Structures are given as C-alpha cells and as structure tokens.
Amino acid sequence: MVDRRDVGGWLEGPGRLTQQGAYAGERLGLPASGPGAMAPLGRRVLALLVDWLLCCAIAIGLLRMPVGATGLDSFIPLVVFAVENVLLVGTAGCTIGHRLLGLHVRRVAGGPLGVVGAALRTLLLLLVIPPVVWDSDGRGLHDKAAGSVIVRTR
C-alpha cells in the first residue's frame, strides 16, 4: 500500500532523502550519479519545454494552426505532443527534448518501455496532475503507473 510518506509533490521537491535510500533512485537500483542515474528535475522540465515548443512550431508551421488559436484548434499542439511522446518514447526511448538534454525513458527493470507503456505514460502526462505528484525517488505518478523511469545518458 502506498503511504503518504512515499509520495511527495511539487512543494517538497523530488529526490529528498528517505529511509529507504540515501539518494533518488537507490531503491530502484540506479547509480547515484552519471549515466543511468535518475534524471534531475531541471533537465526533465527543460526537455518538456523543448518538446512543447517544437510541437507548437509543428502545429503552426506544418499544420497551419493560427497563432493564438482558440477552440478546438488550440488542442493541435497537444495532439502533436501526444503523438511525439507515444511514437518516440515507445520506439527510441526518448523524445527530441530528452535526446538534446541527455535523458532516456526506460522500464524500471531495464529495457525499452514500448508503445503501450508509452501510450499509458503519455495519457497520464497529458492530465498534468500525475507528473507533479511524485514519490521519494522523484518519479511522477505517470512514470510509476507505466513502470518507467527517466535516467541520464551522460
């Protein structure tokens, strides 16, 4: 059963010291630093921003979404973002933003997440609340549900 002490949030910050481990990811068998370690929050947020700006550029440039669109047109970047995440995380293990910032999404036990896992992770990511509630290792609820973890590649 999940205990309140195992779940953090944006006020507490990710990766706080826990009884189970001295650093974020230790309970998952990840190294403390370097490649394969838990990705820091700043890098993850920056990767998300890169991906979002890229999806907005695609929506405006390729899909002809008017700048400042309202109504259903305003959801075009969100659809592009969802497609990008499902396809790229499901096949390559990273989005363009992840790749630029040296991050990789994989299963906690190792190996690729796959398209089904990426689809679940993306659906929860789009709901916004699951990503801003995380456990003591700094994994958002969307990653916990999908059995995934974002690790550093460099």
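1. The chain has 6 helices and 2 strands, taken as DSSP runs numbered from the N terminus (helices H or I, at least four residues; strands E, at least two). Along the sequence they follow the pattern α-α-α-β-α-α-α-β.

2. This is a predicted model, in which local features need pLDDT of at least 70 and side-chain atom pairs count only at pLDDT 80 or more, while totals for chains, interfaces and linings use all residues. Residues are numbered from 1 along each chain as its sequence is written, and side-chain values use heavy atoms, without hydrogens and water.

3. Of the 154 residues, 42% are buried (under 20% relative accessible area, 1.4 Å probe, protein chains only).

4. Beyond its neighbours within four places in sequence, Leu-101 is in contact with Arg-43, Leu-46, Ala-47 and Arg-154 (contact: heavy atoms within 4.5 Å).

5. The largest pocket has a volume of about 540 Å³. A pocket here is an open set of points on a 1 Å grid where a 1.4 Å probe fits, with protein on both sides within 12 Å along at least five of seven lines; lining residues have an atom within 4 Å of a point. The volume is the space filled by probe spheres set on the points. Of 26 lining residues, Arg-44, Leu-48, Leu-125, Pro-131 and His-142 are the closest to the centre. α1 gives the most to the lining, 7 residues.

Technical notes. Buried < 20%, exposed > 50% of the residue type's maximum accessible area, 1.4 Å probe, protein only.
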